[in-house]
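Dear colleague,

Please find the structure below, handed over for your review. My findings follow after it.

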Amino acid sequence: MRNAHGHEEHLEASLPAGKMSLDLFCQPGWSADTLFSMAQRRNPRRAFLFVSKVLGRHIPCPPRLMRKAFSDLADQIPTNLPGPLLVMGMAETAVGLAAGVHAALRARGEQAILLTTTRHPLGGDLLCRFEEEHSHATAHLVHQPTHPALREQVQQARTLVMVDDEATTGKTFLNLYRALHDAGLTQLRQVVTATLTDWSANALGGQIALPVSAVSLATGRWRWTPASTPVVLDAPQVNITARGSQPLNGLADRWGRMGVDEVERLLHLPAPCPGERILVLGSGEYVWQPFLLAEWLENQGAQVKFGSTTRSPVSPGLAIEQAMSFQDHYGLGVPMYLYNVDPAAYDRVILCTETPASAWDPAFLVRFPHLHIHEG
């Protein structure tokens, strides 16, 4: 059923661990097919995964489509919110989405600070920590900005905008809100949750005293029916919050982990050949600067897609057509993954890393015959 303001959809997906049934309402210009697909997580706490098609994480995506998703989501956020606005992005999946929403809010004149959660402590003071219970990596850290003015703006924030790719119960948002409140953010007057898909029916709104606005590109309800025969899920150990043995480059604290107000492109390359097929890869949480590079290359006339490596273990099937597994480049001793990438489909692959190139697994790098490693 459709109307002038969007449309409703129903879809079902059968996974080895069960069946997902969805009823959703999509904003104009978006549909379930353009926003996400389903996959089987290797995680006994939650066996299903909504795999975004517009994040450039599990499925490579043209930068212009990612930017449209960021802007359309930001457009849903009410205007005239009390400032300053604190925009928080959830590691690792939503740090780029939060940066895109933050950029759109800044472009419309909002006084907004971006601060992302992380699983890589940088050595500075911590503002707080909290848990994402259903995740493959549950612990999140939030750093205090090192710049005094940014630290003061965070403490004085009156609107909190929490950004994630999807919300199913609202519990992660609640955990973050409580952690920030306990850390001294007592000036907050308004909360906004911003997601690509929201299945929580604004559950946060009934659990805190502040007014909550829930915005998304699609909202709905999900029903998960476990398979009659339980599936044994092989869950690798990736639940580590640590720095790792490899050093981080000079950009590691300049894109959101330590708080930023303005973000400009810091990665540069010569102009590409017109029509050149390029895949730009971010790595883990390090995605916003690589995305800005990918967007610039696309604007120069190349055929660009953006993707990124991830710590998220997902089984092949449905949304996951191809999967690579390799040793992480932070020196943590955990597996990392790259999904839905065929190296032969690109004239050049640009891997952007915040650790030295020598830290990358040679067995992974050899998969790409036309590889350029950008160390920032």
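Which residue of S15 is the bridge partner of Arg41? In this predicted model, the partner of Arg41 is Val314. Arg41 lies in strand S4 (residues 36-41), which pairs with S15 in the antiparallel sense over 2 bridges. Both strands belong to an open sheet of 3 strands, ordered S5-S4-S15 and paired antiparallel. The edges are taken by strand S5 (48-52) and strand S15 (314-315); each has a single partner strand, so one side of each has no neighbour in the sheet.

I also examined a helix packing. Helix H2 (residues 63-75) packs against helix H6 (residues 288-299) at an angle of about 120°, and their axes are 9 Å apart. H2 is therefore oblique to H6. On the H2 side, the contact is made by Pro63, Arg64, Met66, Arg67 and Phe70; H6 contributes Trp288, Phe291, Leu292, Ala294, Glu295 and Glu298. By class, the residues of this contact comprise 7 nonpolar, no polar and 4 charged.

Finally, the cysteines. The structure holds 0 disulfides. The closest cysteine sulfur to that of Cys61 is in Cys352, 16 Å away, which is too far for a bond, given that a disulfide requires sulfur atoms within 2.5 Å. Seen from Cys352, the closest cysteine sulfur is likewise that of Cys61, at 16 Å. Cys61 counts as buried because its relative accessibility is 1%, and Cys352 is buried with a relative accessible area of 0%.

With kind regards

Definitions and conventions. Residues are numbered from 1 along each chain as its sequence is written. This is a predicted model: local features need pLDDT of at least 70, side-chain atom pairs count only at pLDDT 80 or more; totals for chains, interfaces and linings use all residues. Side-chain values use heavy atoms; hydrogens and water are left out. Axes are lines fitted to C-alpha atoms, for helices over the stretch in contact, and angles run from 0 to 180 degrees between N-to-C directions. Helices (H or I, at least four residues) and strands (E, at least two) are DSSP runs, numbered from the N terminus. Angles under 35 degrees count as roughly parallel, over 145 as roughly antiparallel, 65 to 115 as roughly perpendicular and the rest as oblique. Contact means heavy atoms within 4.5 Å. Ala, Val, Leu, Ile, Met, Phe, Trp, Tyr, Cys and Pro count as nonpolar, Asp, Glu, Lys and Arg as charged, and the others, Gly among them, as polar. Buried means under 20% relative accessible area, exposed over 50%, partly exposed in between (1.4 Å probe, protein chains only). Two strands pair if DSSP finds at least two bridges between them.
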